[in-house]
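I opened this structure to look up how its parts pack against each other. My entries follow.

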Amino acid sequence: MQQVMETDVGISEYVGFDVPKIEGIIKQRFTDFLVFEVDLDSQVIHLKSLDMPTSSKKGAENTSSDPTADAALPPAEKSEATEEGPSDAAEDASSKALPAASADAPAVDSAPKEEETSSANQGPWPERFTESLKPFLSENAIAKVKQMFLEGPEPPFVSDGGWGGRQAKKVDEDAPEASASAPPEPPAQEEADTRGKGKRGRGGRGGRGGRGGRGGGRGGRPGAREDHRKVLSDPIASKEKRTGLHKIVRELFGGKLDTETDTTAEPSDDGSCIAIKWSKSGGRGGRGGGRGGRPEGRGDGGGGRGERGSYPSYIHFTLQKTNRDTQDALAHLSRTLHCNVKDLSVAGTKDKRGVTVQRVSLRRGNKTVEDIYKMANSLNGRRTMEEVLKERGERGIRVTDFNYRKASLELGMLKGNGFVITLRNVRADSMDTIDRAMRTIKEKGFINYYGMQRFGTACIPTHSIGLALLKGDWQKAVSLILRTRPGEHPEVAEARNAWLVDGDLDRALELMPRRVVAERCILESYKKQHGETRNAMGALSTIPRNLRLMYVHAYQSYVWNAIVSERIRIHGPDKPAVGDLVFDESSPSKAEDGGEDAEVVAEGEETNEGNGGRSGKRSRKPWQPPKVKTLEEADLDKYSIFDVIMPLPGKDVDFPGGALGERYREFLRLDGLDPNNFVRKQKEYTLGGSYRKIMHLPKELSWTVMRYTDPDVPLAQSDEDKLLGMSPPATEEDGKFLALQINLQLGTAAYATMALREVTKTETSSHYQSTLTQASEDQKYRTGDGGEGDGSGTAQGR
């Protein structure tokens, strides 16, 4: 059994095919691969402070403001806020004089000054919002959108002066509407404050207002008020302009605000009005209260008590992890923070091998930011504050920069990832070759292949298991999953052999680690069937759904890679060709569903290497395939190569035109699939399909060449090490080794290793890279000086 190489998963072509090969080692050290999440405001996420955060009264006031507004800032963030922009500086001003609060009494008595509060409230509305909306809305409409946005997803509370639930003494028969109208709702804090051990929230059973009283609806559930706020545009006659408004609102507000054609206005020859309002899911934050007006936070270990303080329901923080995959890190945090892992969410999963930084949200329940900081940093007797501020986080995890928020993060709430990638022991025929390779990717981009980690690191690629599932060959799928894999951990290999060689099911289960999920599920299914193995489909169904779909999606990715390679071979990587597919710009579904994303993702599909190979899109509505256009000769001048898309196989997509489309169908037939039928009896294996752009241009790209002698010296520094004051990386002008450090930023559907592949023309599979690393180590010990350098700025080829 051989290791999986790039050609095995359809990866074969290059853009700069005329640029000579450059050899280099990827990920020799964890800090050689730094990943930084880019949020929806295009801000690159970094660790800002290691200090204890403080809750403030402003946190309570922010419950009716924008969900992205900060409600707690660590002290050390003050010095950096002015560098980040006026909104952070304004936020800083409002919390500068706030003393630290204890975990038991998080709110302080002194409220921010009036001018500070006003300044801080401007933070969530950058000036670019106004400039972006000017082509579509009047100044008055923009002001109303701004006011509605800053109020947040919950309509502002209006006090009832304590008269809620009291019956009027006299009803004016001439004004029946007045007698029937409900009084305004009371502030939410009243419900939270009256909720406690042995008490019932107002609006619940026994509460004032009776069953379903002032809370509205059964049990007075908080936050159930209907939101009638909306802002109408002037009539817009141009369909393109209306589409543009839909698009810009979606891009600016990341789904928090919805747009729709207003149907309440009188028809006009001047066009239709567009209504802008808060999305129904745009910040309410999931589960509401239950009977009796119970606030959120059940299941947090708080015994059903109301949330401590009147802070928003979520705490967001920045996570840096080293050599841990995202789910593993979240599982560790759930144990440390004494919460359910489902209460933690991220915008995207990140690579395991490397140092990655991203935001995480926590349904806080009864916890404050101080509580989370103490638990995450083991300030429970195991560590002292001095150790926290001077030593790295435990088990490769550091949690910092806490803020209260009204809404949780959802998968897909990011714009991409920034990377700092260091290639070690670089060997090129000249410095000019390195510059040519980098300029090629900067100006022409790279082929947007699915990277090797999409297909697993073992000799049995995940896409082969996916094909067996799509063909209904359940026994083969089980066989591939259970088959031995060279180089596995000894305990896993021993567990496989216990079953495959000895037929000892009990011993196999005893030896198989719980982290080996799919194999354990199958063996446990066999155990329940008393060793019977005929029901392979039933055994497969016990594997978690996301893992099973990963196999199927890997097959889609394999087909996509192979067909894109065919397209590049036929037509080249520079220009569109007749028969290519592009998104139909005039399609309403494009404007409302597909957007400008590099990939339109169906349910369950995930992409992006900065996201560990997978980064899903949020599903606000049932997925509708966008309309596409097949290019003809007259269309070629209207589009660039960066507009060309290729479908992933499925029932809801179109194939390219001409010979390439026929080649696509033939490829599927050779694999035993019907290109015209992707519907399966097992619905979860029914492929909907999606589209992905065939080329990707980095949003930012720069590079530096450096020299070093010690093969183990760090050449890049993590955020945590910078904050701990550790010595920065040191290079030597006349060092023996040559390194290439690349800074780039990619969108959510691109793999950083595929960008590196274009630069180096070198195999990116883990097996091949490990051989390079081993060769470097052997050379280090063999020569005693770490390698062959000519001291002239070039590296000798091997």
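I took axes as lines fitted to C-alpha atoms, for helices over the stretch in contact, with angles from 0 to 180 degrees between N-to-C directions. Helices (H or I, at least four residues) and strands (E, at least two) are DSSP runs, numbered from the N terminus. The model is predicted, so I noted that local features need pLDDT of at least 70, side-chain atom pairs count only at pLDDT 80 or more, and totals for chains, interfaces and linings use all residues. Residues are numbered from 1 along each chain as its sequence is written, and side-chain values use heavy atoms, without hydrogens and water.

Entry: two helices.
I looked up helix α13 (residues 431-444) and helix α24 (residues 752-760), whose axes come within 8 Å and cross at roughly 135°. For the contact (heavy atoms within 4.5 Å), I listed A437, M438, T440 and I441 in α13, which meet A755, E758 and V759 in α24. I sorted the residues of this contact into five nonpolar, one polar and one charged (Ala, Val, Leu, Ile, Met, Phe, Trp, Tyr, Cys and Pro count as nonpolar, Asp, Glu, Lys and Arg as charged, the others, Gly among them, as polar).

Entry: a sheet.
I found an open sheet of three strands in the order β3-β5-β4, with antiparallel pairing (strands pair if DSSP finds at least two bridges between them). β3 (231-232) and β4 (257-261) each have a single partner strand, so one side of each lacks a neighbour in the sheet. I read five bridges between β4 and β5 (residues 274-278), and T261 stands opposite I274 in β5. Helix α9 (residues 239-253) lies across β4 and β5, at about 170° to β4.
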